[in-house]
Amino acid sequence: MNNFIVYDFETSGRSARFDQILQAGIIIYDKNFKALKKLNLKSRINPDTVPSINALRVNKLKIPDILSEEKSYYEMTMEMYSSLSEFHDSFFVGFNSINFDEEFFRQLLWEHFIFPYLTNTKGNSRLDILNFVTLVHAFRKDALNVQKSDEGKMTFKLESLAKANSFESNNAHDAIADVETTTKLLEMLLKNNYDLFNIFINN
């Protein structure tokens with residue numbers, strides 16, 4: 001693979017069909033994790049989208065800001081697509097991305113009449129770090145620290161993993177900050193677990 005395209009979205013809610021991406025954080029790294037390109041895009045909220053109060057509480061986006069952002073949803077989409085469509089044979093990397101960010105990304109492209117399977121065509125592959133974390137922890141518990149909740153359950157949230165492994169993000173749930181935290185987590189896991197990584201990507 002040529003590059004790691006690490007991305008994260010902050011959205012107006014949890015439904016890819018009825019909500020929208022409000023902030024897209026994307027950093028493209030080469031295979032040695034040297035940053036090649038960085039995108040921090042924001043969009044005005046569409047007139048027909050009603051944001052979830054819970055979502056805004058988490059991502060800390062403010063109503064006056066999402067109503068007055070310079071770029072429209074269409075303009076953000078086209079800038080994102082033009083920047084990403086040039087890459088091939090790359091990993092599209094996220095944290096819990098298969099079940100969340102990926103759905104929003106495909107919906108975004110489809111709504112704008114763009115081929116929606118950018119992440120798994122042209123030699124590209126999808127890499128969800130949450131799944132890789134659980135794999136590593138299952139086979140090598142000493143490879144990373146995992147916090148437990150007050151109820152004694154293991155917590156695999158990104159901010160919890162970052163804190164437990166000493167690279168806590170200062171701005172969790174900001175898209176670019178989460179991208180940087182995801183990258184640090186991936187680098188840490190790859191350092192001593194490349195054999196598991198090869199098994200993971202082959203499956």
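**Reading a predicted fold, residue by residue**

Trainee: Ser-97 lies in helix H4, residues 97-111. How are helices and strands numbered?

Mentor: Helices (H or I, at least four residues) and strands (E, at least two) are DSSP runs, numbered from the N terminus. Note that this is a predicted model, in which local features need pLDDT of at least 70 and side-chain atom pairs count only at pLDDT 80 or more, while totals for chains, interfaces and linings use all residues. Residues are numbered from 1 along each chain as its sequence is written, and side-chain values use heavy atoms, with hydrogens and water left out.

Trainee: Is Ser-97 buried or exposed?

Mentor: Buried means under 20% relative accessible area, exposed over 50%, and partly exposed in between, with a 1.4 Å probe and protein chains only. Ser-97 has 1% relative accessibility, so it counts as buried.

Trainee: Which residues does Ser-97 touch?

Mentor: Contact means heavy atoms within 4.5 Å. Not counting residues up to four places away in sequence, Ser-97 touches Tyr-7, Glu-102, Glu-103, Leu-127 and Asp-128.

Trainee: Where is Leu-109, and is Leu-109 buried or exposed?

Mentor: Leu-109 is also placed in helix H4. Its relative accessibility is 0%, so Leu-109 counts as buried. Apart from neighbours within four places in sequence, Leu-109 is in contact with Tyr-81, Ile-114, Phe-115, Pro-116 and Leu-118.

Trainee: How many helices and strands does the protein chain have?

Mentor: The protein chain has eight helices and five strands. Along the sequence they follow the pattern β-β-β-α-α-α-β-α-β-α-α-α-α. The radius of gyration, taken over C-alpha atoms, is 17 Å, close to the 17 Å that the globule rule (2.2 Å times the number of residues to the power 0.38) gives for 203 residues, so the chain is as compact as a globular protein of that length. The C-alpha trace spans about 50 × 45 × 25 Å along its principal axes.

Trainee: What share of the residues is buried?

Mentor: Of the 203 residues, 49% are buried. Among contacts between residues at least 6 apart in sequence, 65% join residues at least 24 apart.

Trainee: Which residues of the largest nonpolar core touch the most other members?

Mentor: In soluble globular proteins, nonpolar side chains tend to be buried together. A nonpolar core is a set of buried Ala, Val, Leu, Ile, Met, Phe, Trp, Tyr and Cys residues joined through side-chain atoms within 4.5 Å. The largest one here has 28 residues, of which Phe-4, Val-93, Ile-129, Phe-132, Leu-185 and Leu-186 touch the most other members. Two or more residues each come from strands E1 (3-11), E2 (21-30) and E4 (91-94), and from helices H5 (129-139), H6 (158-164), H7 (175-192) and H8 (194-202). H7 gives the most, with six residues. A second, separate core of 23 residues includes Ala-16, Ile-21, Met-80 and Leu-109.

Trainee: What does Val-93 touch?

Mentor: Leaving out residues up to four places away in sequence, Val-93 touches Phe-4, Ile-5, Val-6, Tyr-7, Leu-127, Ile-129, Thr-182 and Leu-186.

Trainee: Where is Gly-13?

Mentor: Gly-13 lies in the loop between E1 and E2. Gly-13 is buried, with a relative accessible area of 4%. Again not counting residues up to four places away, Gly-13 touches Asp-19, Ser-52, Ala-55, Phe-100 and Phe-104.

Trainee: What is phi of Asp-89, and what is phi of Ser-166?

Mentor: Phi of Asp-89 is near 50 degrees, a positive value in a residue other than glycine. Asp-89 sits in the loop between helix H3 (73-84) and E4, and at 31% relative accessibility it counts as partly exposed. Phi of Ser-166 is near 65 degrees, again positive in a residue other than glycine. Ser-166 is in the loop between H6 and H7, and at 70% relative accessibility Ser-166 counts as exposed.
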